Every structure is written in structure tokens, then in C-alpha cells.
Amino acid sequence: MSEVEEEIMQADDRRDEEDRREGEDRKEEVPSPAPATKKRKFLLILFIAVLVIGFSFYHLFWNSSGSGVHSCPASSSRFLAKNIRNQGDILSIGKTTSYIRLLRKSLNAKSWYLKKGQCDLFSGDWICDPYGPVYTNNSCNFIEAPQNCLRNGRPDTDFLFWRWKPNGCELLPFDPLKFINAMRNKSWAFIGDSIFRNHIQSLLCLLSKVDEPVEVYHDETYKSRAWYFANHNLTISVIWSPFLVKSKISEDDQGKAKAQVQLYLDILEPKWTSQYNNYDYIIFSGGQWFLKTMVMWENNSIVGCHNCNDKNIKELGYDYAYRKALQMSYDFMTSSEHKPLIFFRTWTPDHFEHGEWFSGGVCNRTSPYGEGQYNGKPVDHDMRGIEVEEFEKALKKGARLKLLDTFNLSLLRPDGHPGPYRTFHPFAKSKKAQVQNDCLHWCLPGPIDAWNELVMKMLVDEGDVSYN
């Protein structure tokens, strides 16, 4: 080693030693925190602790229905884990206006979830909602007896603690204040069968937290009804028209036919067409009635039937009747000068197992299906296929049409039906009593509440309601 190299190495060693000593001197010179600094840190920690405790109590007791925080059903774990993996740190969505406001602020960086066309609202999963519904059968007076499952003695409550989570975005809870303020001086009509009576009960329960409506009309059978929100000049009506076209129906209160349905496929039901111009918003649909035995008429002549077992009448099937009824309805709407915003709600599947409603079928499941676990019956896909085809045809004819596709989210909720609890305490006399089940309509509160969350999101996308 040369003398120059040796001097360089020695100089490096001296610098390293000086740096080490200077570091030790600096450590010794660092003063301990002043008492004032320690006090400030203590107060900051105390303040944060108070905020956390207060926030926890807020979420524990916010629910006006009294359900409080509910431990998530054990069956929810697969959905919750999937959601966390897919979405990261997601807040549990509460159901009050103040919490909605907090959620929007917290997710401000993810504002895409409010933007139009950024997600598929109608595919996703039901995930755990530990806070449950915003109303109960005690706090809402608009729940009819057959859907009042808790009053009727349903023993399980896990079905209340799920919310619909679309793929790719969050669906905000229904905001009754913003909805009803946006609907001031407006009118709504729900046109169809008893599923709409079920749906409208849910909407009335949600809106009654802001403004209590009064019933201003009902027909003799209470199947067509109307309610008025005086503080907002808002009218919401349900119009009984299960076929959308003219029909003659003869059956008892239990739904058992006394005679075949006579269906007039070239004449629309005047109950709804005569009032069409009165409404700013319309939701309509066909339904399970098209599966009944029927004789079909056109131009005052019998053209065919469904399941009539008459060799002299051509079997045309339920699909022919349903398609004709939808075509007639869309032709009327698209040709009318009156242009309300129209939602078509897709087919509602039933969940009867081990039979049908008239042959001992039951629905006793207590948790949702996961996506792909249950695909429905062939008839479900036949009818929904007809609906989508006819909707797409009508969309090209110049009406304000929206597809409210509740099929998939409804398909996943076999636990949401009244089942045997469509009547008051059906097993009071005997636990082995033979009871007719309802596996088509929905308990209230229940999964059908999500339909109104979807309607509100679609109104936001349309610009008729604003979250701002």
C-alpha cells in the first residue's frame, strides 16, 4: 500500500470517529419534553378518546326503530369477507340522514359511487348490515297484516340485517327527506299486482319518518289505493291491474280460481290508462298472474289459452300473453303526448320449495344465497327475457323509460318472505299445523326496502333528485 493510500484511509477513520462522537453529543444535548408539551399530548389523546366513545354511542343508539346494533348473522361472514377484500376499508352504512351525510363526506375521495353509469346496480351481494332497518312493525302503521311477519310471530330476525351491495360501488340508504323534498307537487303511480302493494308499503314506511300521509282513496276491495302527503303536496297511488290488459277474474280470497281467467289482449285496462296523464312518475310490471290458467281473446274472438286443457282451443302459453300485454302497454306509453318518467320493474321470483303455494310449498331458509348459488326456475328466466326484449324495443320509441331490474337481488333472498307467518301466530295451537306459505311477497321491513334505494339512485342519475 502506498503512503498516499494509507493517509487517505487514516483520514477516513478519523472522520468516522468524529461523526460518531458528534452523534453521541447530540443525543446528550436533546432536552426532555417540557411539561407543557406532555400536557398537550395528554389532552389530545383524551380528546380523541372522547370522540371515539361518542361516535360509538351514536352508532349504538341512533336507530329510531329500537333495533340497535345487531351482531351480524353467522352466514354473513362469506359476504363480509368478500366485500372487504374487494373494496378495502368500507364503512358500514347507517340509515339516517345524518349518517348518510357523514358517509358521503367520508367517501368523498370515492365520489364515483354517485356518478351515473359507474357500476351495475343490479348485480352484487347482500352483505351484513349490523344496524338493521330504519323502521319496524311498531314504528310504521302502513304494513298490512300478511307482510307483518314479526307481529305474526316469525321467531328469527337475521333477515333484517342485510343490505344490497352492488358490484363496483356503494348504494346509499334511502334518504326520505331528500326524496320527499324533490317530489314536492308530484304524483306517483304503481301499476300492477299485489307485489306493488307490498312495495308501496315499504315506501310509505320510509317517507312517514318525514311526513305522515293520509289515505285519500281506496276501491271496494282495497286493492287500488292512494295516499297524500299534505306538507309536500305529494300523491302516491297503487292501481290494481295484474295483467295490464282487460281481464275477467273469478277467485276466492285465498287466490283459488272459481273459473278460468278471461284475458282481452287487445284492450288495455282502463283503470290505469284513464289516469295515466295524472302522474309524473310511474312504476309498472306484470307478474305471476300470467301463469294462471287463462283464455285469451283478441277482436272479440278466442285466439288461444294457457293450460286450459281444451282440445278446441289452441295452447299459446303464458309467454304469448305476457309479450302481447307488454307490447300493448309500451305502445300506449310511447305514443302518448304525456311523458312521465316510467320505470319497468322486472319479474319477481318466488322461493317455494317442496311444492307450490297450493300444494304445500314452503320457504324456511333464514339467510340469503350467495351470488351463483341459486339461479331460479326456467319460468323466471323466460319471463325476464320477454321483459328485457320488449323494454329494449320500447326504448327506441321515445319515452322516458328506466329498467328497475330487481330480479337478481330478489332471487338471492329466500329468507325474506313471510312463509307461514302470513297470518297471526299460525302455530299457536299446534307446532305441526299445516299452514299455507307465502314465498312470493316480502316481510316488512325486509329485502324489498332495497328496491326504494335503487329507485332513489336512479332518480339521482336522472337528475330528478340531488344528493348535493
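In which sense do β7 and strand β8 pair, and over how many bridges? Keep in mind that this is a predicted model. Select residues 261-268 for β8 together with β7 at 245-248: the two pair in the antiparallel sense, over four bridges.

Now widen the selection to the whole sheet. Four strands make it up, in the order β7-β8-β10-β11, and the sheet is open with mixed pairing. β7 and β11 (301-306) sit at the edges with a single partner strand each, so one side of each has no neighbour in the sheet. Look along the sheet for the twist, which averages 30° from one strand to the next.

Last stop: a helix pair. Select 194-207 for α6 and 449-462 for α11; their axes come within 9 Å and cross at roughly 75°. Angles from 65 to 115 degrees count as roughly perpendicular, so that is what α6 is to α11. Show side chains for the contact: α6 brings Ile-195, His-199, Ser-202, Leu-203 and Leu-206, while α11 brings Asp-449, Trp-451 and Asn-452. Colour these residues by type and you get four nonpolar, three polar and one charged.

Terms used. Residues numbered from 1 in each chain as written. Predicted model: local features only at pLDDT ≥ 70, side-chain atom pairs only at ≥ 80, totals over all residues. Heavy atoms only, no water. Axes fitted to C-alpha atoms, helices over the stretch in contact; angles between N-to-C directions. Parallel < 35°, antiparallel > 145°, perpendicular 65-115°, else oblique. Contact = heavy atoms within 4.5 Å. Nonpolar A, V, L, I, M, F, W, Y, C, P; charged D, E, K, R; others polar. Pairing = 2+ DSSP bridges.
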